[in-house]
Amino acid sequence: HAHCCGLACFFGTTSSRHLAAERTINYAVSPEQEAKDREWRGKERAAAERQAAMMADLASAREAQMRSKLVAQSAMAEVEQAEFRRVLDVNQEKAAQERSQARAQLQISEAYKKDLLGQIQAHAEAKRAERTAYLEEGKKIRQQQLQEKAALEEVKARKLEELAASGVPDKYQSELARMRIKSR
């Protein structure tokens, strides 16, 4: 061994060419050994191929699993998005109904308010008309009383003239003249 590598082996700097040469020198390879080596290399190659195939299958399975996972995630995302849209549509429909109900309620409230204000105004107008009628009636009554008083004053004045013309003493006339005519 030392004769083929010399100091290179001693210092641990052997190359693969030196190792191959060393094997060739150290082994006088018999046909049986060569057959065993070939069988061993074949087994190693087959094992390496099986290992490579297994790794490829594993990589393929991982890739398939990832694709399957992505498909499942995509499907789940679609389902979630559809559910989100459905909920959004339901909420928008509900909000639209609530706005519509609010508008209808506002219209009802406005109509009620308008009706109530109309009733209040009508009542106030009726009260004003009643008061005006009452005042007019009072005015008519006062006017009638004044007319009656004027008529009675006229009768009194005529009577005083008649008494004076018929020669009734002033003493009796003055009593009638002092008499005041009262209105009702």
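User: How far apart are the end C-alpha atoms of helix 4, and what span should its residues give?

Analyst: This is a predicted model, and helix 4 covers residues 31–166. It has 136 residues, which at 1.5 Å a residue should span 202 Å.

User: Which residue follows helix 4, and what is its phi?

Analyst: Helix 4 ends at residue 166. The residue after helix 4 has a positive phi, near 85°. That residue is Gly-167.

User: Are helix 4 and helix 5 roughly parallel or roughly antiparallel to each other?

Analyst: Helix 5 comprises residues 170–178, and its axis lies 10 Å from that of helix 4. The two pack at an angle of about 175°. Angles over 145 degrees count as roughly antiparallel. The relation of helix 4 to helix 5 is therefore roughly antiparallel.

User: Which residues of helix 5 meet helix 4?

Analyst: On the helix 4 side, the contact involves Lys-156, Lys-159, Leu-160, Leu-163 and Ala-164. By class, the contact between the two helices has five nonpolar, one polar and two charged residues. The partners in helix 5 are Gln-173, Leu-176 and Ala-177.

User: Which residues of helix 4 are buried?

Analyst: Buried means under 20% relative accessible area. In the protein, 4% of the 184 residues are buried. Helix 5 is included in what covers the buried residues of helix 4. Those residues are Gln-145, Lys-156 and Leu-160.

Definitions and conventions:
Residues are numbered from 1 along each chain as its sequence is written. This is a predicted model: local features need pLDDT of at least 70, side-chain atom pairs count only at pLDDT 80 or more; totals for chains, interfaces and linings use all residues. Side-chain values use heavy atoms; hydrogens and water are left out. Axes are lines fitted to C-alpha atoms, for helices over the stretch in contact, and angles run from 0 to 180 degrees between N-to-C directions. Helices (H or I, at least four residues) and strands (E, at least two) are DSSP runs, numbered from the N terminus. Angles under 35 degrees count as roughly parallel, over 145 as roughly antiparallel, 65 to 115 as roughly perpendicular and the rest as oblique. Contact means heavy atoms within 4.5 Å. Ala, Val, Leu, Ile, Met, Phe, Trp, Tyr, Cys and Pro count as nonpolar, Asp, Glu, Lys and Arg as charged, and the others, Gly among them, as polar. The expected span of a helix is 1.5 Å times one less than its number of residues. Buried means under 20% relative accessible area, exposed over 50%, partly exposed in between (1.4 Å probe, protein chains only).
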